[in-house]
Amino acid sequence: MKLQQLRYLVEVAKQGLNVSEAAEKLHTSQPGISKQIRLLEDELGVQIFIRNGKRVVDITAPGREILRIAERILMQSQNLKRIGEEFIQVENGSLTIATTHTQARYALPKVIHAFLQRYPKVRLSIKQGSPTQISEMVVDGSADLAIATEGIDHYPELAMLDCYDWNRCIIVPKQHPLTQLNRKLTMQDIAAWPLITYDFAFAGRSKINRAFEEQNLTPNVVLTAIDSDVIKTYVELGLGIGILAGMAFEPERDVGLTAIDASHLFEKSTTHIGMRKDAYLRGYAYDFIALFAPHLSRAVVQEALLCEDIED
């Protein structure tokens with residue numbers, strides 16, 4: 001049994017059982033992958049994939065168990081390399097953060113600047129996507145850390161830690177009638193206007209919907225976006241009022257807009273950081289986490305990972 005065979009096996013599964021795409025991803029040939037997987041099946045004495053002619057169409061029951069173990073073996077082999085790098089190349093290496101647009105644009109810049117000043121030789125990459133996409137990036141090993149408000153807890157392979165709480169504001173053009181209220185904003189005030197807000201998968205959208213439902217209100221959502229800047233752009237154009245993460249409003253830049261506090265109307269949201277339970281984190285990864293959420297020291301993170309291991 002070879003690690004390369006396990007890599008082929010896992011990549012075929014990752015590519016939706018498409019051997020050609022797996023071969024392209026791994027820069028090898030389709031016949032080579034097929035041959036090595038069949039050799040592995042012969043060695044183990046069980047069929048891993050169900051085939052229809054030359055096409056792989058499904059995974060057998062024992063094949064699913066083999067895939068699960070293969071993924072863990074490949075992760076542990078990567079961990080061995082990281083342990084070696086930790087002691088040989090203390091300040092060299094790579095770190096990939098998977099996160100949403102709002103986090104990348106508003107919460108992370110100062111953290112990234114401070115991190116790169118401390119570790120100038122570390123190759124830092126930021127990948128953006130939906131909460132589901134970024135969680136899957138960490139699960140499949142293409143990212144080290146996931147930072148998002150929602151989604152991470154849906155993946156049992158990931159340990160999740162709370163970073164910080166945040167809430168929302170309503171953004172309107174300057175001189176909008178809602179800026180003239182001599183009282184606190186209500187859900188009825190918001191529901192009276194066309195709304196522009198986040199796509200359902202992003203930034204606590206479920207909590208926004210719940211707040212309207214609790215008041216028996218049906219919001220008139222005319223536009224959704226995954227990008228806070230897009231929401232602000234269309235509010236400035238007069239298409240409606242925006243429901244925005246408070247961190248995403250920048251008075252010095254958003255000069256054509258006014259933000260109205262809405263934290264009393266919506267349940268707070270919490271930004272989380274997620275990592276694979278079985279991953280070995282380099283020392284600088286712990287420092288990145290602490291820069292982003294100072295209460296998450298290396299000891300706190302390691303204790304959480306240890307507790308996750310025990311629960312598993």
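Strands β1 and β2 form a hairpin with 2 residues between them. G53, in the turn, has a positive phi of about 70 degrees. Strands here are DSSP runs of E with at least two residues, helices are runs of H or I with at least four residues, and both are numbered from the N terminus.

This is a predicted model: local features need pLDDT of at least 70, side-chain atom pairs count only at pLDDT 80 or more, and totals for chains, interfaces and linings use all residues. Residues are numbered from 1 along each chain as its sequence is written, and side-chain values use heavy atoms, with hydrogens and water left out.

**The hairpin strands**

β1 covers residues 49-52 and β2 covers residues 55-59. The two run antiparallel, joined by 4 bridges. Two strands count as paired if DSSP finds at least two bridges between them. I50 has D58 in β2 as its bridge partner.

**The open sheet**

Which strands build the open sheet, and in what order? There are 5, in the order β9-β8-β10-β7-β11, with mixed pairing. β9 and β11 stand at the edges with a single partner strand each, so one side of each is left without a neighbour in the sheet. On average, neighbouring strands of this sheet are turned by 30 degrees against each other, direction ignored. The axes behind this angle are lines fitted to C-alpha atoms. Within the sheet, β8 and β10 pair in the parallel sense over 2 bridges. L195 stands opposite I241 in β10.

| Strand | Residues |
|---|---|
| β8 | 195-198 |
| β9 | 221-225 |
| β10 | 241-245 |
| β11 | 257-261 |

Helix α1 has 12 residues, 3-14. Its expected span is 1.5 Å times one less than its number of residues. That gives 16 Å, and the end C-alpha atoms are 16 Å apart, which agrees. Q5, L6, Y8, L9, V10, E11 and V12 of α1 are buried. Buried means under 20% relative accessible area, exposed over 50%, and partly exposed in between, with a 1.4 Å probe and protein chains only. Just after α1, G16 takes a positive phi of about 65 degrees.

M1 lies in the segment before α1. Is M1 buried or exposed? M1 counts as exposed because its relative accessibility is 53%.

**The whole protein**

The protein has 12 helices and 12 strands. Of its 312 residues, 47% count as buried. Its C-alpha atoms fill a box of roughly 75 × 50 × 35 Å, taken along the principal axes.

Technical notes:
Axes fitted to C-alpha atoms, helices over the stretch in contact; angles between N-to-C directions.
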